[in-house]
Amino acid sequence: MAHKVTILDIARLAKVSTTTVSRVLHNKPDVDPATRERILRIVEEQGFVPSITAAGLAAGRNPLISVLVPALTWPLIPELLLSVASVVESTSYEMVLYSISSSNHERDCGKIIDRILATRLTAGLLAVFPGQSSQHLTRLRRQGFPVVLIDDQSPPPEGIPWIGADNRRGAYEATRHLIELGHRRIAHIQGPLKYCVSHERYQGYCDALQEAGLEVDPSLVLEGDFMPAGGQRCALALLSRPISERPTAIFAASDYMAYGVIAAAETLGLRIPQDLALVGFDDNPASAHVRPSLTTVRQPVHAMGEQAIKLLLEIIEQEQMPRRRRQSMPATAEEPPHEAPRLVLPTSLVTRESCGALQRHPSALLPEI
């Protein structure tokens, strides 16, 4: 097997130190132009490809960051990754992307955590929507590995910094908007009840009804699956009732389920928003382009990604502080351990055609409040 050229070989051939070679490879100043030219010529002749991990470890720091996401086809994941990448690009770090399959979520997450612990390839992990698999992340944190979590599916593990959206407030504002338009029979299609986010959005729905003096009617609340098929199934059940029992508005806990409501209404010959007002949650890119365009609650996806990766980088830099500096600190200077940050970012209501805000709904018979 041919000998793999290393930075040490380049330094020996160029008759300089490995530090000088590293400075040239990283385009640092203060290297003699003739020396720089000689090193670059040898690098090209030897076909040397620098190892980003080796270079980082030689400098006392790891230059890679893990980002763990569910399937890349999930809503909001592309936008979130773009916000993360835009921050990472402005630093000396690189991203390593891990994806968990939907069919073997628990197994895949466990394998990835085992690989990270075994190789120590990266300096930290940003985990996006790991759901119940987030409990695996405690193994990383217990061993001093920096982890930040973006999630709304299960309670965040103790000791792990967490960032999420204010789902309860967003659902409250969506429901209150429908009430202000004159609706009283407002149905809610929940997400799967195994997820925290489903309960938070249901609580926001209840908050708005109770504030308006309206009772929560359990018959108007059905469990969906966050997907169009689930939204369509629930909407068909709600809208097939006699007119006196049928809701005049539906708040769906995801835009995907709202798309299913639109399909169900079309099947039954009902018009949105004339016969049925509709509000979703998420503000997927397609929601502005469906017909009618969907009123929805926008999650602060860009801000969540940006703040999460900045928080992770801050933690990494703190934990990669030279050991001698930490050891030189007097005992009295050490601060007590802090609780892991919990950041809840605000959502916003995006009003479009599907709620009928620009026209009075004919079946909302009671006066506005």
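**View 1. Helices α8 and α9 are oblique to each other.** In this predicted model, helix α8 spans residues 167-180 and helix α9 spans residues 196-211. They pack at an angle of about 40°. Their axes are 7 Å apart. α8 passes α9 in a right-handed crossing. On the α8 side, the contact is made by Asn-167, Arg-168, Ala-171, Tyr-172, Thr-175, Arg-176 and Ile-179. On the α9 side, the residues include Val-197, Glu-200, Arg-201, Gln-203, Gly-204 and Tyr-205. Asp-207, Ala-208, Leu-209 and Glu-211 of α9 also take part.

**View 2. Helices α10 and α11 pack with their axes 6 Å apart.** Helix α10 covers residues 228-239, and helix α11 covers residues 255-267. The angle between them is about 45°. The crossing of α10 past α11 is right-handed. From α10, the contact residues are Pro-228, Gly-231, Gln-232, Ala-235, Leu-236 and Leu-239. They meet Tyr-256, Met-257, Gly-260, Val-261, Ala-263, Ala-264, Ala-265 and Thr-267 in α11.

**View 3. Strand β1 is mostly covered.** Strand β1 runs over residues 64-69, and six of its six residues are buried. In a regular strand, side chains alternate between the two faces of the sheet. Here Leu-64, Ser-66 and Leu-68 point one way from β1. Ile-65, Val-67 and Val-69 point the other way.

**View 4. Strand β1 pairs with β2 and with β3.** Six bridges join β1 to strand β2, residues 94-99. These two strands run parallel. Val-69 stands opposite Ser-99 in β2. Between β1 and β2, the chain crosses through helix α5, residues 77-88. This β-α-β crossover is right-handed. Three bridges join β1 to strand β3, residues 125-128. β1 and β3 also run parallel.

**View 5. The buried residues of helix α1 pack against α2 and α3.** Helix α1 covers residues 7-14. Its buried residues are Asp-9, Ile-10, Ala-11 and Ala-14. The helices they pack against are α2, residues 18-25, and α3, residues 33-46. Just after α1 comes Lys-15, with a positive phi of about 60°.

Note on methods: Residues numbered from 1 in each chain as written. Predicted model: local features only at pLDDT ≥ 70, side-chain atom pairs only at ≥ 80, totals over all residues. Heavy atoms only, no water. Buried < 20%, exposed > 50% of the residue type's maximum accessible area, 1.4 Å probe, protein only. Helix = DSSP H or I, 4+ residues; strand = E, 2+ residues; numbered from the N terminus. Pairing = 2+ DSSP bridges. Right-handed = clockwise from strand over helix to strand, strands pointing away. Contact = heavy atoms within 4.5 Å. Axes fitted to C-alpha atoms, helices over the stretch in contact; angles between N-to-C directions. Left-handed = near helix turned anticlockwise from the far one by under 90°. Parallel < 35°, antiparallel > 145°, perpendicular 65-115°, else oblique.
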